[in-house]
Amino acid sequence: MQSTKCAIALGSNLGDSLTILKSAIETLNNTPEIEVKSHSSWYQTAPVGPPQPDYINACAILEVTLEPQQLLAKLLEIEIKFNRIRQEKWGPRTLDLDLLLYDNLVLETPTLTLPHPRMTERAFVLVPLAEIAPDWVHPVTGSAIGQMVKTADFSGIEKMIV
């Protein structure tokens, strides 16, 4: 199978979030059929949802030889490996891996929607993604990520110096 370019978002706000996220990038890169091509800077971001600690967020570009559902299954496996427990919607988590874009595929299944349905309204996704993929055109809106980020609300997002 030929490789496909994908974009994912990473987030953590429980435990040693920065170490968890760096380990998750390493784990992804050591997973057969996944190669991490690049990842953004780390950003401290205000949480969405119930009261909880701030997040550390980033995005990564992957080259994969997996179908979208297979990639989603791998991402969920990696979340579990890092003790992800799903208790409440938008609740705190040790690791969150979201599949944002799978090349220019538009897909809607009961378990996966591509592109990610809320990515365009989330600055904590658009800011790091624009850093590493400003020219990637969102297959539904037709706008480049670098254009979309210009209208995002940056409040609560701070680039970390690490």
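Student: How many residues does the largest nonpolar core have?
Tutor: This is a predicted model, in which local features need pLDDT of at least 70 and side-chain atom pairs count only at pLDDT 80 or more, while totals for chains, interfaces and linings use all residues. Residues are numbered from 1 along each chain as its sequence is written, and side-chain values use heavy atoms, with hydrogens and water left out. A nonpolar core is a set of buried Ala, Val, Leu, Ile, Met, Phe, Trp, Tyr and Cys residues joined through side-chain atoms within 4.5 Å, where buried means under 20% relative accessible area, exposed over 50% and partly exposed in between (1.4 Å probe, protein chains only). Those with the most contacts inside the largest core are I8, L10, W42, L62, L71, L95 and L99, and its residues number 30.

Student: Which element gives the largest share of this core?
Tutor: Helices (H or I, at least four residues) and strands (E, at least two) are DSSP runs, numbered from the N terminus. At least two core residues come from each of β1 (4-12), α1 (17-29), β2 (34-39), β4 (55-64), α2 (68-81) and β5 (96-102). With six residues, the largest share belongs to α1.

Student: Which residues does L10 touch, leaving out those up to four places away in sequence?
Tutor: Contact means heavy atoms within 4.5 Å. L10 is among the residues with the most contacts inside the largest core. Its partners beyond four places in sequence are L21, A24, I25, I56, N57, A58, C59, A60, D96 and L97.

Student: How many residues make up the second, separate core?
Tutor: This core includes A7, V127, A133 and W136. Its total is 21 residues.

Student: Over how many bridges do β1 and β4 pair?
Tutor: Two strands pair if DSSP finds at least two bridges between them. Strand β4 has nine of its ten residues buried. I8 stands opposite A60 in β4, and the antiparallel pairing of β1 with β4 counts nine bridges.

Student: Is T4 buried or exposed?
Tutor: T4 lies in strand β1. Setting aside residues up to four places away in sequence, T4 touches L62, E63, V64, Y102 and D103. Because its relative accessibility is 11%, T4 counts as buried.

Student: Why does K74 count as partly exposed?
Tutor: K74 belongs to helix α2. Beyond four places in sequence, K74 touches T31, E33, I34 and L66. K74 counts as partly exposed because its relative accessibility is 24%.

Student: Which elements do the buried residues of α3 pack against?
Tutor: Seven of the ten residues of α3 (residues 123-132) are buried, so this helix is largely enclosed by the rest of the structure. The buried residues are A123, V125, L126, V127, P128, L129 and A130. They pack against β1, β3, β4, β5, α4 (145-148) and β8 (157-159).

Student: Which residues lie closest to the centre of the second largest pocket?
Tutor: On a 1 Å grid over the protein atoms alone, a pocket is an open set of points where a 1.4 Å probe fits, with protein on both sides within 12 Å along at least five of seven lines; lining residues have an atom within 4 Å of a point. Of its 14 lining residues, the closest to the centre are V48, A123, F124, D153 and S155.
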